[in-house]
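Me: Could you take a close look at the aromatic pairs here, and at what surrounds them? I'd like one connected answer, please.

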Amino acid sequence: MLLVRASERSGTPGTWSLPGGAVDHGEDPKHTVVRETAAETGLSVSVAALQDVLADMRALPERGITIHTDRLLYTVSVRGGTLADRVDRPTDLARWFTLDEARELPLRSFAARALGLPTSSDDIVPEEVPEFPSFYAVPGPDGLHRAQRFAAYAVVTDPEERVLLTRVSDGYPGAGCWHLPGGGTDYGEQPGAALIRELVEETGQTGRLVELLGVASHRDAASLGPEGYPIDWHGVRAFYRVVVDQPAPPTVADVGGSTCEARWFRREELGALPTDRLTEVTAEAVHAAHLI
């Protein structure tokens with residue numbers, strides 16, 4: 001396993017984790033993992049598959065902050081390059097370890113979980129989840145407000161192989177289009193739990209998570225929503241297959257929000273919808289699920 005060590009410049013010096021880092025605004029996460037791995041290790045890699053999506057929180061008492069991170073874990077293959085150490089960077093060493101050797105290292109909790117090892121680590125987990133707005137836009141370098149948000153969505157089917165979609169309310173980006181049930185994750189919330197919660201709020205259905213299908217990355221450079229001003233919006237969205245074993249007539253609990261309608265579609269009805277009536281993530285996800 002290729003691991004990197006956090007340097008004295010990081011919040012957890014001396015701990016080991018997987019290569020990778022933050023997704024830049026508008027960047028596809030697959031490009032991020034290639035770019036960050038090259039920067040941290042000196043190796044060129046290609047993405048083979050999406051392995052998992054998970055979230056974690058850690059407290060940095062010396063800085064007075066708590067960080068929630070949504071992590072996309074990929075398996076990659078090495079194309080070439082030479083393993084290199086770094087000086088005066090957040091990570092300073094990159095080394096290969098066997099699984100038994102990695103077991104003896106001080107691992108970040110997400111890295112231990114990804115490797116199937118005990119998750120005890122040097123990470124400090126906060127006792128309480130801090131309050132934080134679900135949406136936060138900040139001025140970008142060009143003066144335009146920008147927002148980057150992680151969300152979880154579901155390709156929902158029932159025993160009759162109907163597909164559940166929601167319709168976007170007026171005043172929101174994609175108004176009138178059919179969308180997947182789901183939405184942004186709350187601070188400290190795991191993607192799967194967020195998805196099941198959103199499914200109940202938006203459609204009144206109780207579902208069970210079956211599998212992770214993929215991750216979509218979409219940017220709208222001047223999205224216009226209820227804020228009333230353009231926002232350079234970057235959405236990173238994990239989408240899952242969810243089954244509702246006992247479907248009921250859809251009901252929208254969050255009246256006045258971004259969802260105005262929920263409806264079950266038969267496969268032929270879904271296939272007959274014009275592509276411009278589906279949001280980008282919906283079209284990508286239903287194709288990934290081989291539903292149209």
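Reply: Happy to. Rings of Phe, Tyr and Trp (for Trp, its six-membered ring) are a pair if their centres lie within 6.5 Å; planes under 30 degrees apart count as stacked, those over 60 as edge-to-face, and the rest as tilted. This is a predicted model, in which local features need pLDDT of at least 70 and side-chain atom pairs count only at pLDDT 80 or more, while totals for chains, interfaces and linings use all residues. Residues are numbered from 1 along each chain as its sequence is written, and side-chain values use heavy atoms, with hydrogens and water left out.

The structure holds 2 aromatic pairs. One joins W16 and F97 edge-to-face, at 5.0 Å centre to centre and with 80 degrees between the planes. Because W16 lies in strand β2 and F97 in the loop between β5 and α2 (99–103), this pair ties together parts that are 81 residues apart in sequence. Helices (H or I, at least four residues) and strands (E, at least two) are DSSP runs, numbered from the N terminus. Buried means under 20% relative accessible area, exposed over 50%, and partly exposed in between, with a 1.4 Å probe and protein chains only.

W178 and F265 form another pair: the ring centres are 4.9 Å apart and the planes stand at 80 degrees, so this pair is edge-to-face. W178 belongs to strand β9 (residues 178–179) and F265 to strand β13 (residues 259–265), so the contact links parts 87 residues apart in sequence. Both are buried, W178 with a relative accessible area of 4% and F265 at 2%.

Now for the setting of W16. Strands β2, β1 and β5 form an open sheet in the order β2-β1-β5, with antiparallel pairing. β2 (16–17) and β5 (91–96) are the edge strands, each with a single partner, so one side of each has no neighbour in the sheet. Two strands pair if DSSP finds at least two bridges between them, and 2 bridges join β1 (residues 2–6) to β2. W16 takes part here too, as the bridge partner of R5.

Some rings also have a charge over them, which requires NZ of Lys or CZ of Arg within 6 Å of the ring centre and within 35 degrees of the ring normal. R167 lies over the face of W178, at 6.0 Å from the ring centre. R71 does likewise over F110, at 3.9 Å from the ring centre.

R71 sits in strand β4 (residues 65–81) and is buried, with a relative accessible area of 14%. Its side chain makes a polar contact with that of D56 at 2.5 Å; such a contact is a pair of N or O atoms within 3.5 Å, where within protein one must be able to donate a hydrogen and the other to accept it, and residues adjacent in sequence count only if both atoms are side-chain atoms. Leaving out residues up to four places away in sequence, R71 touches D52, V53, L54, D56, R108 and F110, where contact means heavy atoms within 4.5 Å.

β9, the strand of W178, is also among the elements that cover the buried residues of α6. In helix α6 (residues 280–288), those buried residues are V281, T282, A285 and V286. Down the helix axis they fall within an arc of 120 degrees, so they line one face of α6; the arc is that of the directions from the helix axis to the C-beta atoms.
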